[in-house]
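Subject: Structure handover

Hello,

Here is the structure I promised to pass on. Please open it alongside this message; my notes follow below.

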Amino acid sequence: MGIVYKDVTVISNDEIAKGIFKLVVKDENEIKCGQFYMLKVKNALLPRPISICEKEDDKLTFLYAVVGTGTEEISKIKESDEIKITGPLGNGFNVNEKLGRVALVSGGIGTAPMLQVAKELREKNNASNIDLYAGFRDDVYLINDFEKYVDNINITTNTGKHGKKGFVTEVLNPRDYDVVLCCGPEVMMKKVVEMCKECGTKIFVSMEKHMACGVGACLVCTCKTKDGHKRTCKDGPVFDGNYVEL
């Protein structure tokens, strides 16, 4: 299967916290919140899947953590440079129906895709209440951008530097919501799914897996579900939390 990449112009690529970068490029494609792109740079063997953080007109924003060679190379890109991308890919979150009371639960860099989710929920007026629960290790980022889209913001950090000391699951009560949308470390999402199952709250999770192609051809990113293994890139990355097995 041929995968077509296109060159897009970099508007900015700034470090907003230690090891966390905000990349903005020009792209006119229509997107759905929760989708992702594959980003490719010359000195990296494989492209990197990065979730959409925000889309405003022809400006497409990604947030990424520098964790290896690929993301390190992306961090070196400067304004007016070009980068190869393909997307949007995946299914995304369904925000096109009335969801009632919504909790957006995230951990670390998993907070990034929740910005576009909150934005679309607010613009479509499909939530009676939107609360953000964001957990970080130490430094907090992106939170100010959520203020115009959500009703309440709850922050936890492992060190207690910001918000409440501890884990985000310690301040979340799924019984207060009709649906929970979640993205972050798998151990965190597993706990959130368990909490939602106990009280019968709907839960949808965005899975993060290593990917090589992003279109379902290579089978590198499979995840376990009640119906066997599914491709995170093609069948997800968003799954019903009661369907996927964490």
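One definition before the notes: contact means heavy atoms within 4.5 Å. Keep in mind as well that this is a predicted model.

Helix α2

Start with α2, which spans residues 112-124. What covers its buried residues? Just after α2 comes Asn-125, with a positive phi of about 55°.

The largest pocket

Next, the largest pocket. It holds about 1,500 Å³ of space. Its lining counts 50 residues. Nearest the centre lie Ala-65, Val-67, Ile-109, Gly-110 and Glu-208. By type, the lining divides into 25 nonpolar, 17 polar and eight charged residues.

Which elements each supply at least two residues of this lining? They are β4 (48-56), β5 (59-65), α1 (69-75), α2 (112-124), β8 (129-136) and α3 (186-199). β4 gives the most, with four residues.

Annotated positions at the largest pocket

UniProt, in an unreviewed entry, places a "binding site" feature at Arg-48, Pro-49, Ile-50, Ser-51, Gly-70 and Thr-71. From this set, the lining of the largest pocket takes in Arg-48, Pro-49, Ile-50, Ser-51, Gly-70 and Thr-71.

Three of these positions deserve a look:

- Pro-49 is in strand β4. Its relative accessibility is 30%, so Pro-49 counts as partly exposed.
- Ser-51 also has its place in strand β4. Not counting residues up to four places away in sequence, Ser-51 touches Gln-35, Phe-36, Thr-61, Phe-62 and Pro-113.
- Thr-71 lies in helix α1. Is Thr-71 buried or exposed? Its relative accessible area is 8%, and buried means under 20%, so Thr-71 is buried. Leaving aside neighbours within four places in sequence, Thr-71 is in contact with Arg-48, Tyr-64, Ala-65 and Val-66. Of these, Arg-48 carries the "binding site" annotation from the unreviewed UniProt entry, and Ala-65 is among the residues nearest the centre of the largest pocket.

The second largest pocket

The second largest pocket holds about 280 Å³ of space. Of the 13 residues that line it, Lys-40, Val-41, Lys-42, Ile-77 and Glu-82 are the closest to its centre. Strand β6 (residues 82-89) provides the largest share of the lining, three residues. How does this lining divide by residue type? There are four nonpolar residues, one polar and eight charged.

The cysteine set

UniProt, again from an unreviewed entry, lists Cys-213, Cys-218, Cys-221 and Cys-233 under "binding site". I have notes on two of them:

- Cys-218 is in the loop between β12 (202-206) and β13 (222-225). At 32% relative accessibility, Cys-218 counts as partly exposed.
- Cys-233 lies in helix α4 (residues 232-235). Its relative accessibility is 2%, so Cys-233 counts as buried.

Where to look

Best wishes

Technical notes: Residues are numbered from 1 along each chain as its sequence is written. This is a predicted model: local features need pLDDT of at least 70, side-chain atom pairs count only at pLDDT 80 or more; totals for chains, interfaces and linings use all residues. Side-chain values use heavy atoms; hydrogens and water are left out. On a 1 Å grid over the protein atoms alone, a cavity is a set of points where a 1.4 Å probe fits but cannot get out, and a pocket is an open set with protein on both sides within 12 Å along at least five of seven lines; lining residues have an atom within 4 Å of a point. Grid points are joined across faces, edges and corners, and a volume is the space filled by probe spheres set on the points. Ala, Val, Leu, Ile, Met, Phe, Trp, Tyr, Cys and Pro count as nonpolar, Asp, Glu, Lys and Arg as charged, and the others, Gly among them, as polar. UniProt positions are given in the numbering used here, feature names are shortened, and annotations may be inferred rather than shown by experiment. Buried means under 20% relative accessible area, exposed over 50%, partly exposed in between (1.4 Å probe, protein chains only).
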